[in-house]
Amino acid sequence: MPLMPGAARTGSIVIVCAAVVLALTTACSGERSSATGQTLPELEPLAAVGAGEGRLNLVAWAGYAEDGSNNRDADWVTPFEQQTGCQTEVTLGNTSDEMVRLMRSGNYDGVSASGDATLRLIYAGDVAPVNTSLVPNYEDISSFLKDKSWNSVDGQMYGIPHGWGANLLMYNIEVVRDAPNSWAAVFDDADRYKGKVTAYDSPIYIADAALYLSKTKPALGIEDPYSLTGEQLDAAVELLEKQRMNIGEYWSDYTKEVQAFESGASVIGTTWQVIANTIGARNKVQVNTVLPKEGSTGWSDTWMISSTAAHPNCMYKWMDWISSPEVNAQAAEFFGEAPANVKACEHTTEPDFCDIYHATDAGFAAKIHYWTTPQKDCVDGTGDDCTTYDEWTARWQQIKG
C-alpha cells in the first residue's frame, strides 16, 4: 500500500553465509523449483527463537509501526522495545517499489510488504521462509489470509499477515446520483464524469481493468487478474488508455484523494474505506462506497523477514508482537484496515470497527482479488506464458504518457 501519513522449508542443509547470523541460514548457491516451475533460493527458516539481539531495523508503511512520535496515543513500538530489549528503527516505504529497493540494500531485518512486492522479494531470495510455529499468534490469523499465492510458495509461508482491505468504488452522491454498483462507472461509462474520474497510481492497477474485463468480455479468457497473457494485457491496457482520457488525476497518497473529492476535482473512482471514513468525518462532501458486482482487487500486507537479517530473533519477536490481538487491533484501527488476527476485534476502541471493515467476513474477503506480483510463470498455476511485473510497469508508463 502507498504512504499513509502518521494518521520466512525445514531441511538438513545448513550453510552459513557471511551476511546471515544466528539460526537464520541460507544455502548460498542452492536453488529449488516451486510448483510453478520457477526457481527459489534454498533458504532455511529460523529453527528457534533465542534472546533478542537488542536491535531491529524495519521497513514499513506509515502507520504500521508507530512509536508515539506522530500521535502520542499511537505507540506499540515502545512497549515492544521495553518487553524485548529490541530497540527498533523504522524506515518508511512510500511505495512497494521503494520497499523492494530498501530490502535489497541488506540493511533491514524485515518489511511490511504488500502483494505487489512479496513474490519479487521471495523469488529474488531477499526474504526467507517463516517458521510459523515460532509465532504463537499466527494460530489466530484469519484462515483466508494464510497460504495464499502472495505470501506462500508450495505451502510454505513467507511471512505473517498484518492487515487487509478492498479497493472500493467511491462516488460523490450529490453528483453521481444513480448509485453505481459496477466498475463500468469508471471504465465504459467514465465519459459521464470526464475529467473527474480518479484511479490508483500503480502498475498493479492494471489488475482492476483485467478483473472488469474478466466479467464483461469472457472471450478473453481472463481467470485471474494477475495472470495475464500478452493478449490479455493488451486488452487491459487498451481499456485503461480509454479511461485515461477521463481521468482528472491519479492518486497514491490517500490525502490527495481526500482533497480531490472535497474540492470537487474528483467525483468517482477507486478508493479505500479509510479514505471514505476520513471524508465523512470532515463532512465537507457526502460520499458512498460500494464493492461492485464484479468484485474488487485489494491488499493483504505481510511482515516478512530478510534472508540476511542481522537481528532475526528480534524480527520473530516483532512478528509475534504485531500479530497479537491487542497490538494488531491498535495498528489496524490507527491505519484504517481489517486486522489479520480474528481476536483483534475484541480489542478495538470502536465497537463496530470490525463490522465496518468486514474483518472476519470470509464471504466479503472471497470477493477480493488480493494484489499478487505478476510473474512469467502464471501465479494462478495455469502456465508459463504470463506477463511479468516489469512488463506491467512499462505498460503503465505507456498508459500515463
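**Close-up 1. Arg192 pairs with Asp178 in a salt bridge, with 3.2 Å between the closest N and O atoms.** A salt bridge here is a side-chain nitrogen of Lys or Arg within 4 Å of a carboxyl oxygen of Asp or Glu. Both residues sit in the loop between strand E9 (168–172) and strand E10 (197–200), so the contact ties together parts 14 residues apart in sequence. Asp178 counts as partly exposed, at 41% relative accessibility. Buried means under 20% relative accessible area, exposed over 50%, and partly exposed in between (1.4 Å probe, protein chains only). The model is predicted: local features need pLDDT of at least 70, side-chain atom pairs count only at pLDDT 80 or more, and totals for chains, interfaces and linings use all residues. Residues are numbered from 1 along each chain as its sequence is written, and side-chain values use heavy atoms, with hydrogens and water left out.

**Close-up 2. Arg282 and Glu262 join through their side chains in a salt bridge (2.6 Å, N to O).** Arg282 belongs to helix H7 (residues 273–282) and Glu262 to helix H6 (residues 254–263), so the pair ties together parts 20 residues apart in sequence. Helices (H or I, at least four residues) and strands (E, at least two) are DSSP runs, numbered from the N terminus. Arg282 is partly exposed at 42% relative accessibility. Glu262 is buried, at 18% relative accessible area. The structure holds nine salt bridges.

Close-up 3. Arg120 is buried, with a relative accessible area of 15%. Asp97 is partly exposed at 27% relative accessibility.

**Close-up 4. Helix H3 (residues 115–123) is mostly covered.** Nine of its nine residues are buried, among them Gly115, Leu119 and Tyr123. The cover over these buried residues includes strand E2 (39–43), helix H2 (96–103), strand E5 (110–113), strand E6 (152–153), E14 and helix H12 (389–400). Just after H3, Gly125 adopts a positive phi of about 80 degrees.

**Close-up 5. Strand E8 (residues 160–166) is largely enclosed by the rest of the structure, because seven of its seven residues are buried.** E8 pairs with strand E14 (residues 296–305) in the antiparallel sense over six bridges. Two strands pair if DSSP finds at least two bridges between them. Ile160 has Trp303 as its bridge partner in E14. E8 also pairs with strand E15 (residues 338–339), again antiparallel, over two bridges. There, Gly163 stands opposite Pro339.

**Close-up 6. Ile268 and Trp318 touch the most other members of the largest nonpolar core, a set of 122 residues.** Helix H8 (residues 312–322) gives the most to this core, with seven residues. Domain 1 (55–164 + 300–359) and domain 2 (168–271 + 380–400) each supply at least three residues. The domain bounds come from an automatic or database domain assignment. A nonpolar core is a set of buried Ala, Val, Leu, Ile, Met, Phe, Trp, Tyr and Cys residues joined through side-chain atoms within 4.5 Å.

**Close-up 7. Surroundings of Ile268.** Neighbours within four places in sequence are left aside. The contacts of Ile268 then include Leu169, Met170, Tyr171, Val176, Pro180, Tyr193, Lys196 and Phe261. Contact means heavy atoms within 4.5 Å.
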